[in-house]
Amino acid sequence: MQIIHTKVVIVGAGPSGLLLGQLLSLHGIDNIIVELKSAEYVGQRIRAGILEQGTVDLLRASGVGARMDEIGIPHDGFELAYYGKRFRIDLNKLTGGKNVMCYGQTEVTHDLMEARAEKGLATYYESSNVQINDILSRHPSVSFEHNGTSYRLQCDYVAGCDGFHGVSRQTIPEEKRTEIERVYPFGWLGVLSDTPPVNHELIYAKHERGFALASMRSPTRSRYYIQVPSTDTVDQWSDDAFWEELKKRLPKDCADKLITGPSIEKSIAPLRSFVCEPMQYGRLALVGDAAHIVPPTGAKGLNLAAADVGLLHKLLCKVYVDKEEHQFTRYSELALERVWQTERFSWWLSNMLHDFSGDNTESMEKLLFDRFMNAELSFYLSNETGMKLIAEQYVGLSHVEI
Ligand code: APR
Ligand code: PHB
């Protein structure tokens, strides 16, 4: 058994773990990352692509903003298409100059992995049997196997950045956590293709046939989604069937000029709202998807993870640089405030834009929900105050100051 000492062990090398590692290292706080999958697998995962202003600022402050600033595409607005009628949310004007950055999570991960490799910081990819021990003591540890050797990392704190299916959250005894969840009765079928985007800004479309989203990764690469029943599988959807359905749901002028092509990635993502309370236990802090999931409407998943990281790294700086050990215990309460605001927005936008009729059985509840959501959306889109509320949440609430 190899025993190694460090300050912070980070479980999981997704965007949360990598960004936290980068920020801690910048402040001279030793850390080691332990990851289940290979570096290649982590680097190729396709996820969302819109960064809030606060995430962009944090990536720049972490020293990994150069490529984002070079090839990312700033977006000053986006569109909501309501049964074919297009409304533009002018982010820049409505928020007093803020915008979002279109830059894929795959690219963010790539930049963070490169920065970590350049610094020669330790990351144990392809680890198995990862376990978090003695988390209520002052000397927790993380044990795992890697390349046939058993390791024990002795540390002060553990950051659980291992996503929804990781071990970190399970380390908190069941009776000490509350998990609040809603699973939606549909998913998003996503297609990535090397075709020019149909519009220079994103279009979120509400349609009788269900929700659709036109997004992008670059001037020559598009990302499109359509709402499908959660019982559908990718094999049921040929590329042609996908494009046909997408055209039906986009506003007509867009559908007419949509350029289609072979999919280079096609997958179905389930939709879920999920929060684990509290987000810390002893010397363990849960970060990103390990603590919460939002439905992708509004592109908040990665941004919420980045906000957690921003907060946790500030608190750990207080602990190590200012020697204020008690600051760590503030994490969950401070993080949850922003988490719930963001969960609420993602849930609200999902409610308004999707079709919930499902199996077509009509109940009074379903009819009421449908009519209320239509009324809600047309109300918000009918006046500037409504649009401003959408814009302010879309560009992202400010990060917590401590
Ligand atoms: N031990 C070590 N690593 C693990 C374990 C484990 N037991 N279980 C999972 N992991 C790894 C996963 O392989 C993955 O690389 O933890 C990482 C978690 O990464 P993500 O799921 O991407 O979660 P996070 O880093 O919080 O990213 C935030 O924002 O856009 C959303 O869901 C999207 O991934 C995104 C997230
Ligand atoms: C994406 O480009 O993948 C994307 C964009 C916006 C969303 C969700 C996903 O709300």
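Trainee: How many helices and strands are there in the chain?

Mentor: In this predicted model, the chain has 13 helices and 21 strands.

Trainee: How does the radius of gyration of the chain relate to the globule rule?

Mentor: The idea is to set the radius against the value that the rule gives for the chain length. The C-alpha trace spans about 60 × 45 × 40 Å along its principal axes.

Trainee: What share of the residues counts as buried?

Mentor: A residue counts as buried when its relative accessible area is under 20%. By that cut-off, 55% of the 402 residues are buried. The chain exposes about 17,500 Å², and carbon and sulfur atoms supply 51% of that area. As for contacts with a separation of 6 or more, residues 24 or more positions apart account for 72% of them.

Trainee: Turning to the ligands, which residues come nearest to ligand 1?

Mentor: There are 25 residues around ligand 1, and S16, E35, R45, R47 and D289 come nearest. For polar contacts, look for N or O pairs within 3.5 Å. A polar side-chain atom of S16 is 2.7 Å from an oxygen atom of ligand 1, and a side-chain N or O atom of R45 is 2.8 Å from an oxygen atom of this ligand. P15 takes part through its backbone, with an N or O atom 3.3 Å from a ligand 1 oxygen.

Trainee: How much of ligand 1 does the protein bury?

Mentor: Read the buried share against the area of the ligand taken alone. Ligand 1 alone exposes 710 Å², of which the protein buries 90%. Two elements, α1 (15-26) and α10 (301-320), each give two or more residues to its shell. The helix α10 gives the most, with three residues. By class, the shell holds 11 nonpolar, eight polar and six charged residues.

Trainee: And which residues come nearest to ligand 2?

Mentor: Of the 14 residues around ligand 2, the nearest are Y204, S215, R217, Y225 and P296. Y204 places a polar side-chain atom 2.7 Å from an oxygen atom of ligand 2. Backbone N or O atoms also approach ligand 2 oxygen atoms, at 2.8 Å for P296 and at 3.1 Å for A299. On its own ligand 2 has 280 Å² of accessible area, and the protein covers 99% of that. Strands β16 (212-218) and β17 (221-229) are the elements that give two or more residues to this shell, with β16 supplying the largest share, three residues. The shell divides into nine nonpolar, three polar and two charged residues.

Trainee: Now the backbone: which residues does a cis peptide bond join?

Mentor: Omega is the angle to read, and it is about -10° at the cis bond between E277 and P278. P278 lies in the loop between β18 (263-277) and β19 (280-281).

Trainee: Is K323 buried or exposed?

Mentor: K323 counts as exposed, at 67% relative accessibility. Y83 is partly exposed, with a relative accessible area of 32%.

How values were computed. Residues numbered from 1 in each chain as written. Chains lettered and ligands numbered in written order. Predicted model: local features only at pLDDT ≥ 70, side-chain atom pairs only at ≥ 80, totals over all residues. Heavy atoms only, no water. Near = heavy atom within 4 Å. Polar contact = N/O pair within 3.5 Å; in protein donor to acceptor, adjacent residues only side chain to side chain. Areas by Shrake-Rupley, 256 points an atom, 1.4 Å probe, with all protein chains shown as cover. Helix = DSSP H or I, 4+ residues; strand = E, 2+ residues; numbered from the N terminus. Nonpolar A, V, L, I, M, F, W, Y, C, P; charged D, E, K, R; others polar. Buried < 20%, exposed > 50% of the residue type's maximum accessible area, 1.4 Å probe, protein only. Rg over C-alpha atoms; globule rule 2.2 N^0.38 Å. Contact = heavy atoms within 4.5 Å.
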